[in-house]
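Please look over the sequence and structure shown here before reading on.

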Amino acid sequence: MEKTIEDPPTSAVLLDRCHFSQVIFNSVEKFYVPGGDITCYYTFAEHFIPRRKDWIGIFRVGWKTTREYYTFMWVALPSDINNKSAKQQEVQFKAYYLPKDDEYYQFCYVDQDGVVRGASIPFQFRPESEEDILVVTTKGKVEEIEQHNEELCKENQELKDSCASLQKQNSSMQAELQRKQEELETLQSINKKLEQKVKEQKTCWETELLHNIKICFFVQREQQKKLQQIVEDMKQKETTAAKKQQELMDENFDLSRRLSENKIICDVLQREKERMERENDLLKKENSRLLSYMGLDFDSLPCQVPTSDQGGAGQNPGLVYGNPYSGIQESSAPSLLSIKKCFTCKSDFADEICDHTLEQQQMQTLCLNCPICDKTFPAREKQIFEDHVFCHSL
């Protein structure tokens, strides 16, 4: 992790996406060529005000807190914060401080309280002509991620339906508001006409008629107040619906971004699965070559453990496929085994497998390697290993 003289303000609080829409990153490339400087472009939201200790960091995809940044740059405050044109900003990262691997990274805007205010789409540092890198998982993990993606898609569709319903409701409320406003304008027009009529005929009307007009005018005014109150209530409901719609749109954007990240992880894991299958094929070929070298045929080996009446092979129940040397005549065994050599130390071995081979087999069976970050776990910590691999998909 690269650091400058003064560390930026960070927080140990876990990832909170509720403020991610306050700073928007623009023109983010999918790939950046290693060895060159890169420029990060970003825009402030309408009501967001930057502060002196705000900073932009480069984070590896999958980070949980703002302490996990790789490198960062301080944000330069605009000369006029209230000026709309001053909200288009940029910051340049020097090539020396950029990551040297080809993992996925993203820009994040962090304020002086250590809270993330915006995040970009993922990107890599590698030449555009380079082939995609294969990263890992098992078939079960791929199916789990695909199921999670389907759930996210379903949730995303539900949010879209809810948003459409709110939009329809908002349109209906706007139509009702328009109707109320037209009624108000009509009443105001009638009120003006009545006032004019009262003014013109005031001198000639009898006292009783004048009292009736005043009563009618009072009733009209009360109705006008009620309609004005209804209009204010409708405006308040419209504001609440618009706020709810914006929250749903932000949540929809967040789910879409998570869906995109999960698709990327799924593709990477699928490629690693294919790589491991190719390695498995190579190991099978090497096994067949070694058996052929010892004068055995892989297809001729027994598929079940032999019983006790089939010779010495039954004395070792730990062999799943039986003893591969049981078919060799005792008279010819010494001459055949005496020519076998270890490919690591070039020493001869006869009845037993070479210590180097045993050591490698034991190491492979006693350790579990993380397919994402190559971290090694003892075989007895299988649950911890599975939890660790699952954390990469979060």
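Ser27 is placed in the loop between E1 and strand E2 (31–32); strands (E, at least two residues) and helices (H or I, at least four) are DSSP runs numbered from the N terminus. This is a predicted model, in which local features need pLDDT of at least 70, side-chain atom pairs count only at pLDDT 80 or more, and totals for chains, interfaces and linings use all residues. Residues are numbered from 1 along each chain as its sequence is written, and side-chain values use heavy atoms, with hydrogens and water left out.

Although not a glycine, Ser27 has a positive phi of about 55°. Ser27 is exposed, with a relative accessible area of 58% (exposed means over 50%, buried under 20%, partly exposed in between, with a 1.4 Å probe and protein chains only).

A nonpolar core is a set of buried Ala, Val, Leu, Ile, Met, Phe, Trp, Tyr and Cys residues joined through side-chain atoms within 4.5 Å. The largest such core has 20 residues, and Tyr42, Ile56, Phe93, Phe107 and Tyr109 have the most contacts inside it. Strands E1 (23–26), E3 (38–44), E4 (55–60), E6 (88–93) and E7 (105–110) each give two or more residues to this core, and E3 gives the most, with four residues. Another core, of 10 residues, lies apart from it and includes Phe20, Trp55, Cys108 and Val116.

The mean pLDDT, the predictor's confidence in each residue from 0 to 100, is 77 for the protein.

| Stretch | pLDDT | Contacts in the model |
|---|---|---|
| Residues 132–137 | under 50 | 27 contacts beyond four places in sequence |
| Residues 303–339 | below 50 | 29 contacts beyond near neighbours in sequence |

Where pLDDT is low, the predicted coordinates should not be read in detail.

How values were computed
Contact means heavy atoms within 4.5 Å.
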